[in-house]
Amino acid sequence: MRKMGAAGAAIGSVSIAGCSGEQTTTTDGGDGSGGGDGSGARVVEEDLPEERMMDDVIHLAYTEQYNPGRYQANRLVDQRLTDEMGIPTVTDPVEATVVSSREQAGEYDMVTYRWTANNGEPDSIIVTRFASDGSENWTGFSSEEYDEIAYEQRQETDRDARQELVHQAQDIIGEQRPENQFLFNEYYYAFRSDRFEEDSVVVTDTGLRNIWNYTQIEPKNEEGNTIVTNNWDPSDQLNPLNANAIGPSRNWVPTRFMHDMLIRTGPELEAQPWAATEWEWEDDTTVTFQLREGMTFHDGEPVTASDVVWTYQMMLDKEPPAYLNNVVQVVDSVEQDGDYTVTFTLEEAYVPFIKTTAGIVPILPEHYWTQLMEETGTTEQPWQISITDDRPVVGSGPFQWGTWDQGSRFEMPSFDDHFMAPNIDMRVQRPLSTTDAEYEALLNGDYDLLDFWFGDTEQLAGAVEENDFLGSVETLGTGRQSAWVNCQRPPFDHVPMRQAFNAVVNDSQQTIINEAFDGFGQEAHTFINPSLTFWHNEDTTFFDGGIEGATTILADAGYVWDSDGNIHYPEGMTGK
Amino acid sequence: MVNKRYIARRLALMVLSIFIVITILFFLFRQVPGGPMSAFTNPRMSQAARQAIIEQYGLNDPLWRQYLRYMVNVVQLDFGQSFYYGNSVSSLIFDRFVNTMSLMLTAFVISYTVGTYLGAQLGWIRGTTKERLGMVAVLFVRSMPVFWTGMVVLYVFSFQLGLFPIGGMRGTGASYSTMAEKFLSTDFLYHVALPVFTLCTYYTGLPLLLMRNNLLEVLSESYIDTARAKGLTSRRVLFVHAARNAILPVVTAFAIAIGFAVGGQVLIETVYSWPGLGREMVQASLRSDYPVAQAAFALLSVIVITMNFVADIAYTYLDPRVSLGES
């Protein structure tokens, strides 16, 4: 049985109708060779000065071992650039930790990885990645026109007007090409269909590891009552105030399951009532939440407005690094009105507030945390408190703390008094250190489902095909795999160079999807995934025509080639 | 026997070696590209948040000041907080250390007992077909890479026959109130069986070969002939007269092996998903989690240095002819 997630329903429906912007048609080269290598458009000159020759283009990449598909895709593109375009491109695979530090130091020409939109909120890409002062704008892309739109969209309360702005933002980035998408990845996960009602399985952008699935999945038998699952890296930090607890999914999944937030993003990535039954914007900077009545924390104490106010106020006072972006810099004040009403006043209009703040900040029990902070003497930096079996998490979420043997297992019994109490009794994370062991554990019944799958997708799909007791789901996720280019130094500080690169990447997408990712992916031309239907701009500008098209763009911009086929900068421009 | 001044000198040298090792580790890990911040894998963290964390861990101070602070703490046995886990390094390392030792000690005790015994037997029956076959078998098993043996054993006994768990240290739902309960339960034995078996196939070889070769030498000594002439049973000659003298190098090998056991068997820990110190050391290095990596390597070197010392001292008791520190 193959079950497609709501977010995955868009698979196959996206067309590549979106066409290149104002790209010119291919001109005939003088040498008459024509053909697919683009030499038809090439301007070949003799005796070009040394300084116009292009230096090696460094493609910063993850190692093949880390992600074979991604590595192969990089190699393919780099080879085409070198062989067919005469652009000397070098794949430079380094350890995962080195990629980000070199990227942030600007020591690269292009860098490839996968990136998602936080909770399906486009703002996390539009401002953070591409605005001139965006906190993660490592490409150095800068455009006044873009900045204006980027900041306007986060303040635009009219949804349709905001959609228009988000589309415009995609179009500018599409034209300017600081980012070049390789593909929208599709993910495949498997579960034991002999233990669960297949109709009760819920797939979201994160596959099976989402709260809707874990609260709604219906066990068929005793074995299904306890869900044992993998998590690639074992959880290592479960203090909900720590930056590491809300980032990587190995920690964020259990943290999110043990706590309630005011709202949660639903399977369709829409904001859904959770601890708050409703909310209302009174004006652009004031929003009021109505809390659900009758909720309790895992220790039996009631959840009230004062816990919510305490949580946010504590963050405003102590400024935990994890919540600087979405709470400290955004919220001006928070007040309660009675036991079940909370009003936030924002520094300035910030439309993503519902998803990126109310949907992420866990509601903490004031009585328990004040006690924790006092006992440990950690009143100023509560995110430093070490959370263990002796000092567990007390939240109000659908799952509660059980036992934690760091590195080998984490058990979370379900919380029966929750308004969305799970149908299962317990969720257990048991990491195994190889994908082969994970695969066998699913087959022999040690695992009930796979929260993560980094192994061979074809192998897993084959097992599902062969065995009646396995079911599978697919999802498109909310991310894309892209190459970001360094707009601060040659050659990619020159827009035509980026556009030409885009044409080569686009021309390679089908091969990448079929060869490197076993067909699990879709062509991609913008940074907003089509699973975010409302925000995705399918008419985003991109460049096509393959090598021929790329050559034309470069030739029009004045680039020339020597008789050995090496590219040279236009007159007046030099390399690094 | 053992000279007190000699012991004092050795102890001073040990402290000096450990100091040098810890210093080298401190600077070595800071040369690794990447840096601890890139281990915070949440790419959404803003620059301000990053800066806050760098300051929190004192990473913005000059290196010499970080070094001084670290050394002062280490002298007080405070290894700081893990960048990655945010918890105390000491308790983390202790936890992993116990896990690793529960696996490695079990394997070593079994390997060295069985190996010594079999080695003595093989030496005794030297020259027979049985001995030759035995030697071929030992060399064959000893030549198999331990991770490969692990994968084959796992494949046969776990994937195919389903007799043993696929990995990890304990089963779902198992709970214990004390440490002793944790390591003596049938659940633990069930999980430790395959990795220990795998390790034993590899580690039994060394004591076995050592024992056999030494025994061959000892057997040519005249006191063995005397023992035989007295009419003692061959069992008594072998175990009371010959084996006791042949065992010395095995004792040294055992002590040194225990020292290195702390580092665990990274490959075996990976194959069997064992949450041990070996894997933690590798990961801490990759994550640039300096405090954990430094403490783990420091622990490893302290134990190796100490066990070497212990082996030397043990020698003087096992063989009264050996004396240390007398020129």
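Helix axes here are lines fitted to C-alpha atoms over the stretch in contact, and angles run from 0 to 180 degrees between N-to-C directions. Keep that in mind for the first stop. The model is predicted.

**Stop 1: a helix pair in chain B**

Select residues 89-124 of chain B, which form helix 4. Angles over 145 degrees count as roughly antiparallel and 65 to 115 as roughly perpendicular, so helix 4 of chain B is oblique to helix 14 of chain B.

Now show side chains. From helix 4 of chain B, pick B:Ile93, B:Arg96, B:Phe97 and B:Thr100. From helix 14 of chain B, pick B:Leu277, B:Gly278 and B:Glu280. These residues make the contact. Colour them by class: three are nonpolar, two polar and two charged.

**Stop 2: the domains of chain B**

Zoom out. Colour residues 4-75 of chain B as domain 1 and 89-318 as domain 2. How far apart are the centres of domain 1 of chain B and domain 2 of chain B? Taken over C-alpha atoms, they are separated by 32 Å. Domain 1 of chain B brings 15 residues to the contact, and domain 2 of chain B brings twelve. On the side of domain 1 of chain B that touches domain 2, ten residues are nonpolar, four polar and one charged.

**Stop 3: an annotated stretch of chain A**

Colour by secondary structure: the range is 30% helix and 20% strand. Then pick the end C-alpha atoms of the range, which are 50 Å apart.

Key
Residues numbered from 1 in each chain as written. Chains lettered and ligands numbered in written order. Predicted model: local features only at pLDDT ≥ 70, side-chain atom pairs only at ≥ 80, totals over all residues. Helix = DSSP H or I, 4+ residues; strand = E, 2+ residues; numbered from the N terminus. Parallel < 35°, antiparallel > 145°, perpendicular 65-115°, else oblique. Contact = placed C-beta atoms within 7 Å. Nonpolar A, V, L, I, M, F, W, Y, C, P; charged D, E, K, R; others polar. Domains from an automatic or database assignment.
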